[in-house]
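Plain paragraphs will do, with the cut-offs given where terms are used.

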Amino acid sequence: MAIARRMQVIQPFHVMALLARARQLEAAGRSIIHMEIGEPDFVTPQPVIDAGHAALTAGHTHYTPATGLPALRRRIADFYRVRYDIGVEPARIVVTPGASAGLQLVLASLVDPGERVLLADPGYPCNRNFVYLFGGTPVSLPVDAASGYQPTVQQVRDNWNATTAALLVASPSNPTGSLLDLATLREYQAIARAQGGHLIVDEIYHGLVYDTAAATALSVSDEVVVINSFSKYFGMTGWRLGWLVAPPLLVPELDKLAQNMFLAAPTLSQHAALRAFDPDTIAILEERRAIFQQRRDFLLPALRELGFGIPVTPAGAFYLYADCSRFTRDSYTFSQQLLEEAGVAITPGIDFGTNRPEQHVRFAYTTSLDKLQEGVRRLQAYLL
Ligand SMILES: Cc1ncc(COP(=O)(O)O)c(C=O)c1O
């Protein structure tokens, strides 16, 4: 079969093979502790589910405008006012089928074939594939504990050349949970602006921040493009709903592309999400945030005690990115062994880039404290 050449560079998630094997082992009766899964274990808050039911009953089954339900765009704008104390015009908000679609819309509309996009490495694996899809070149900026697992301003400056279209960062990041402060975001934006390029900030893990409040990159400049989603903090992965905030001149381009690529985000999900910002839903989400924090505060010292290197306390998301070189020189085989022999599933570093992936694994605390405790017991018995 003739498959397009561009498909040769698109990578699958390696963790999917591990997850499939974990399910196979479970089907055969083995107990597996899942610390590989990148989505909240909680179901969507009940008020949102009820709103989804009500939307179906009311017959809201048609397309919405490509940029989203006007009421939802207003609601999101309102959320920025309440949570971050900044004004965002609803007209700058585009509702998308998840942050995934938001990233694709933005990269498709800002990156020309042959242009470079700077990405943190390790980072969210899909980003480089999206860049490839649109004919661009992902440029990996190696990050580590010394830079708080985010690109340094110097790195961005040194790597930005005439063919660079954008810097794409995530705060908090997947897989490291690291946050960007406002001063760094300002410097990134100053470089992007001076070079005639763009700063794109993925804020999908906003809300899941434990030690300090996260500042939104929107407070730096109206020129920054911000991606967000209902998937993580709002616990709505399966509803496939997100949003982005763009400079006014970009919105008609995104609108045009969204019309062509997917017509609109799911209508049912958009109606349900109208309830996502109400105080009763937020109260549920904040309880969950506290639970995630409790899990992080258990798992982080426990893994360090076992000998995993996690030099910087991750401020957000639900991941711990750990150096496993004390145990192995091949984190992929190590992850397979932990699954087969200890019944613990984690994600190997290879899924997140080319910067020493063989020395790293990602633990997700998207399972109960009891299960995490059992996971640590199993690791201890296996490793020590
Ligand atoms: C950093 C980051 N961005 C974007 C996404 C895509 O999320 P969604 O399409 O569910 O909103 C994910 C999912 O794991 C992620 O970790």
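Met1 is found in the segment before α1 (14-27); helices here are DSSP runs of H or I with at least four residues, strands are runs of E with at least two, and both are numbered from the N terminus. The model is predicted, so local features need pLDDT of at least 70 and side-chain atom pairs count only at pLDDT 80 or more, while totals for chains, interfaces and linings use all residues. Residues are numbered from 1 along each chain as its sequence is written, and side-chain values use heavy atoms, with hydrogens and water left out.

Met1 has a relative accessible area of 94% and is therefore exposed (buried means under 20%, exposed over 50%, partly exposed in between, with a 1.4 Å probe and protein chains only). Together with Ile3 and Met7, Met1 forms a nonpolar patch on the surface, and the three have about 410 Å² of accessible area together. Patches are made of residues with over 30% relative accessible area and no salt bridge; nonpolar side chains (Val, Leu, Ile, Met, Phe, Trp, Tyr) are joined within 5 Å and like charges within 9 Å. Accessible areas come from the Shrake-Rupley method with a 1.4 Å probe, and for residues only the protein chains shown count as cover.

The ligand comes next. Around the ligand are 13 residues, of which Ser100, Asp202, Ser229, Ser231 and Lys232 come nearest; a residue counts as near if one of its heavy atoms lies within 4 Å. Polar contacts are pairs of N or O atoms within 3.5 Å; within protein, one atom must be able to donate a hydrogen and the other to accept it, and residues adjacent in sequence count only if both atoms are side-chain atoms. A side-chain N or O atom of Ser100 is 2.5 Å from an oxygen atom of the ligand, and one in the side chain of Asn174 is 2.9 Å from a ligand oxygen. For Asp202, a polar side-chain atom lies 2.6 Å from a nitrogen atom of the ligand. On its own the ligand has 400 Å² of accessible area, and the protein covers 92% of this.

Side chains of opposite charge can pair when their charged atoms come close. The whole structure has 18 salt bridges, each being a side-chain nitrogen of Lys or Arg within 4 Å of a carboxyl oxygen of Asp or Glu. Arg75 and Asp78 form one of them, with their closest N and O atoms 3.5 Å apart. The two are three residues apart in helix α3 (residues 70-84), so about one helical turn separates them. Asp78 is partly exposed at 27% relative accessible area, and Arg75 is partly exposed at 22%.

Arg75 also meets Asp278 in a salt bridge of 2.6 Å, N to O. Because Arg75 lies in helix α3 and Asp278 in the loop between α9 (267-273) and α10 (279-306), the pair ties together parts that are 203 residues apart in sequence. Asp278 is buried, with a relative accessible area of 17%. Arg75, Asp78 and Asp278 belong to a network of salt bridges that also links Arg81, Arg275 and Asp280.

Another salt bridge joins Arg296 and Asp297, with the closest N and O atoms 3.0 Å apart. Arg296 is buried at 3% relative accessibility, whereas Asp297 is partly exposed at 38%.
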